[in-house]
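Good morning, colleagues. Please look at the sequence and the structure on the screen while I speak.

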Amino acid sequence: MITWNNLDTLTSYQELEKAARVNLAEAMTGDKGAERVKKYSVPMAEGLVYYYAAKQVDDTVLDALKKLADEAQLAEKFKALYNGEVINTGEKRLVLHHMTRGQLGDAVTADGVDKRTFYKQQQERIAEFANKVHNGEITNAAGEKFTTVVQIGIGGSDLGPRAMYLALENWAKKNGTFKMEAKFISNVDPDDAAAVLYGIDVAHSIFVLVSKSGTTLETLTNESFVKDALKNAGLDASKHMIAVTSETSPLAKSSDYLAAFFMDDYIGGRYSSTSAVGGAVLSLAFGPEVFAQFLKGAAEADKLAAEADATKNAAMLDALIGVYERNVLGYPCTAVLPYSQALSRFPAHLQQLDMESNGKSVNRFGEPVNYVTGPVIFGEPGTNGQHSFYQLLHQGTDIVPLQFVGFKKNQMDTDVVIQGSTSQQKLCANVAAQIMAFACGKADENRNKNFEGGRPSSIIIGEQVNPGALGALLAHFENKVMFQGFLWNVNSFDQEGVQLGKVLAKRVLAHETDGALKAFSDLLEI
Ligand SMILES: O=P(O)(O)OC[C@H]1O[C@](O)(CO)[C@@H](O)[C@@H]1O
């Protein structure tokens, strides 16, 4: 029997608050620190490993976290979710994104169909379509092959797929699976669409219009922008566009598209990278086999996330430590710092995933909670971030927990030895150095040069950014965010907070404003 309780009502949470704080600088110094690195790790999918030696935990805190996981019924709640319970209480919907990459539990029937079969069928339809584009069975009106794919979408219909594309672009080029270049148009700023259109050959471009709702202002505006460009080039837009949407959306039955592929209301936008939303663009860019490997990595991570013992479940443990840092230690933010250029847009995706999911002030029953919930998420790839905001992370007045990601090998196999080390070694040396600098600091008589240390971090280490590892990494964070939502007792699968701004913008465009809104509209000459 599952019960949904607020975090501060759980006995194990009250015990966790009483546990002695770990002195991280001390714990990570000398042999003790080396022992912790050996001891505090959890294997993840696809050869990734989660290391948390540099977090403010010890066996006592871990024991309390394990009890919290049990009392909050994290494993049971995940099971209920993948077996088709209405977990998205705000919208009264099932939450089925795990099913886009595997069958974790029972078969789930909704809208009269078996959902795993539905998602698989959509993948198969996309694979068939992508293969036909690649082998020239589907071409432009002149019978020439498409060379570029352009995704039009915003939020979850952009960030995840874009981050995944960028992560695999060079890997695919190196491994001979690169099929088509992909571009993305998301912002309603006309300069976004114009810049993309300016840089491509529209006659050889296929556009993927992605909108689950089929009503998003930015996306529909950009669709018109692109259709105009196609028309101006003397092309038939319906021969250059496909749609990815839900079957109930206004786009679903339109004859404006060469083909339409479907997701549904049980896949939140920010959880949709493994559905048709990511599937279309990634299968067109890299081939369906690469997309299948990506799904396999995610499915493997989901299986591991079903483990009930928190110390053996990287996503669950990561979530628990994050809640400990946020609620007990009082840290306001989390920085995501991938030491991999391939993951340059991964932090942007995680911002939506985490902040749109857990940026809530009421619990899943709509009652205000008396504790803080989701942290502010930000990040940049290393080492670029080091030369930007790390000053504050090292010496600022706030302690910001850090989530590093690093890989032993680069993607392109091209490297250079300068002063006895390769660039990849320099990259990895930097992340190792940062972990220790943050944890242990360095005493200096000059206060300005003093590093207090005690700044916690974890690191996920893998061999190389490849499709399987990327899928595993993506699913790790999806599952982490889900477990944190369970702990905070919030609904991580709706996003009412985005509505008010949309309503007011419509009012501005209809010139139905007064007061300060009218004053701002006038200033902006709308
Ligand atoms: O795919 P759609 O329906 O166009 O929505 C795009 C994005 O807009 C949001 O609803 C936020 O405004 C996101 O949750 C979603 O990912």
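I shall begin with the chain as a whole and then turn to selected sites.

Two remarks on the source come first. This is a predicted model, in which local features need pLDDT of at least 70 and side-chain atom pairs count only at pLDDT 80 or more, while totals for chains, interfaces and linings use all residues. Residues are numbered from 1 along each chain as its sequence is written.

The protein chain comes to 18 helices and 15 strands. Helices (H or I, at least four residues) and strands (E, at least two) are DSSP runs, numbered from the N terminus. For 526 residues, a compact globule would have a radius of gyration near 24 Å, and the protein chain agrees, with 24 Å. That radius is taken over C-alpha atoms, and the globule rule is 2.2 Å times the number of residues to the power 0.38. Along its principal axes, the C-alpha trace spans about 70 × 60 × 55 Å.

Of the 526 residues, 48% are buried. A residue is buried if 20 or more other C-beta atoms lie within 10 Å of its own, exposed if 12 or fewer, and partly exposed in between, with C-beta atoms placed from the backbone. Among contacts with a separation of 6 or more, 75% are between residues 24 or more positions apart; two residues are in contact if their C-beta atoms, placed from the backbone, lie within 7 Å.

Let us take two residues that touch. Ile267 lies in the loop between strand E9 (259-263) and H10, and Thr100 in the loop between helix H5 (74-82) and strand E3 (109-110). Is Ile267 buried or exposed? Ile267 counts as buried because it has 28 C-beta neighbours inside 10 Å. Thr100 is also buried, with 28 other C-beta atoms within 10 Å. Not counting residues up to four places away in sequence, Ile267 touches Leu96, His97, Thr100, Ser272 and Ser275.

Next, a pair of helices. The axes of H10 (residues 276-286) and H11 (residues 288-305) come within 6 Å and cross at roughly 130°. Axes are lines fitted to C-alpha atoms, for helices over the stretch in contact, and angles run from 0 to 180 degrees between N-to-C directions. H10 is therefore oblique to H11: angles under 35 degrees count as roughly parallel, over 145 as roughly antiparallel, 65 to 115 as roughly perpendicular and the rest as oblique. H10 contributes Gly279, Leu282, Ser283 and Phe286 to the contact, and H11 contributes Pro288, Val290, Phe291 and Phe294.

I turn to the annotation. The unreviewed UniProt entry marks Glu356, His387 and Lys502 as "active site". These residues span 147 residues in sequence and the farthest two C-alpha atoms are 36.1 Å apart, so they do not all gather at one spot. UniProt positions are given in the numbering used here, feature names are shortened, and annotations may be inferred rather than shown by experiment. His387, in the loop between strand E11 (376-378) and helix H14 (390-395), counts as exposed with 10 C-beta neighbours inside 10 Å. Lys502, in helix H17 (residues 499-509), is partly exposed, with 13 other C-beta atoms within 10 Å.

Finally, the backbone. A cis peptide bond, with omega about 5°, joins Gly382 and Thr383. Lys92 is not a glycine, yet has a positive phi of about 50°.
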